[in-house]
Amino acid sequence: PDLAIEDLSLKTTPGLELIKDLKQRYPALPVLVLTMHDEVLYAERALRAGARGYITKQEATPTILKAIHNVLEGELYISESLARKLVGALLGGPGAGADRQALVLKQLTDRELEVFQLLGQVRGTRQIADQLKIDIKTVETYQHRLKEKFQISSLDELRQYATTMARNPTQ
């Protein structure tokens with residue numbers, strides 16, 4: 001293929017893992033992420049995993065086509081708002097990591113973020129374990145780490161917070 005267009009919400013394989021797998025198997029294959037997930041949480045991770053572009057499904061068709069053309073031409077594609085955020089963070093400008101929650105989200109491992117995302121989709125521990133193909137105890141360990149990182153005392157609070165973040169990731 002000339003291009004892989006990937007969504008981060010896949011039933012069989014976590015999206016970030018698929019990007020890494022594709023880049024390992026086909027290093028020259030450009031990957032464009034086209035997803036419903038807000039770039040605040042996922043774009044930087046997708047780019048680090050090897051994607052050459054990130055765009056949300058809410059964008060207009062001409063913008064999506066521009067992203068496809070840019071990636072096919074070997075360029076990187078990110079939205080203007082993401083470019084401003086990344087440059088601001090790089091330069092330490094206003095709002096760069098000032099929000100504690102955003103800082104915590106940025107420090108999560110990819111797997112912790114996947115578990116957090118699935119909690120936000122109101123998935124139970126067993127469902128998360130099955131979807132990620134890991135042991136239930138491993139999911140419980142990730143949930144414990146997430147509670148510590150967000151300074152939340154109960155799993156119910158963590159689920160509620162994850163659900164709120166899934167609806168509005170900029171909070």
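This is a predicted model: local features need pLDDT of at least 70, side-chain atom pairs count only at pLDDT 80 or more; totals for chains, interfaces and linings use all residues.
Is A28 buried or exposed? A28 is exposed, because its relative accessible area is 75% and the cut-off for an exposed residue is over 50%. The residue sits in the loop that joins helix 1 to strand 2. Its C-alpha atom is 9.2 Å from that of D2, although the two residues are 26 positions apart along the chain.

The chain as a whole contains 9 helices and 3 strands. In sequence order the elements read β-α-β-α-β-α-α-α-α-α-α-α. Of its 171 residues, 40% count as buried. Among contacts with a separation of 6 or more, 56% are between residues 24 or more positions apart.

The sheet comes next. Strands of a sheet pair through backbone hydrogen bonds, either parallel or antiparallel. Here the 3 strands make an open sheet with the order 1-2-3, and the pairing is parallel. Strand 1 (4–6) and strand 3 (53–56) are the edge strands; each has a single partner strand, so one side of each has no neighbour in the sheet. From one strand to the next the twist averages 20°.

Strand 2, residues 31–35, pairs with strand 1 over 3 bridges and with strand 3 over 4 bridges. L32 can be followed in both directions: L32 is the bridge partner of I5, and in strand 3 the bridge partner of L32 is G53.

In a regular strand the side chains alternate between the two faces of the sheet. Strand 3 is covered on both faces, with G53 and I55 buried on one side and Y54 and T56 buried on the other.

Helix 1, residues 15–25, lies across strand 1 and strand 2 and runs at about 165° to strand 1. Its buried residues are G15, L16, I19, L22 and K23. These residues span an arc of only 125° around the axis, which puts them on the same side of helix 1. Q24 and R25, on the other side of helix 1, are exposed. An α-helix has 3.6 residues a turn, so residues three or four places apart point the same way.

Which of its residues are buried? They are T125, I128, A129 and L132. Viewed down the axis of helix 7, the buried residues fall within an arc of 100°, so they line one face of the helix. The face turned away from that buried side carries R126 and D130, both exposed. After helix 7 comes K133, which has a positive phi near 60°.

Two packed helices are described by the angle between their axes and the distance between the axes. The axes of helix 6 (residues 110–120) and helix 7 come within 10 Å and cross at roughly 130°. Helix 6 is therefore oblique to helix 7, and the crossing of the two is right-handed. On the helix 6 side the contact involves R111, E114, V115, L118 and L119, which meet I128, Q131 and L132 of helix 7.

Methods:
Residues are numbered from 1 along each chain as its sequence is written. Side-chain values use heavy atoms; hydrogens and water are left out. Two strands pair if DSSP finds at least two bridges between them. Axes are lines fitted to C-alpha atoms, for helices over the stretch in contact, and angles run from 0 to 180 degrees between N-to-C directions. Contact means heavy atoms within 4.5 Å. Buried means under 20% relative accessible area, exposed over 50%, partly exposed in between (1.4 Å probe, protein chains only). The arc is that of the directions from the helix axis to the C-beta atoms. Angles under 35 degrees count as roughly parallel, over 145 as roughly antiparallel, 65 to 115 as roughly perpendicular and the rest as oblique. A crossing is left-handed if the near helix is turned anticlockwise from the far one by less than a right angle, and right-handed if clockwise.
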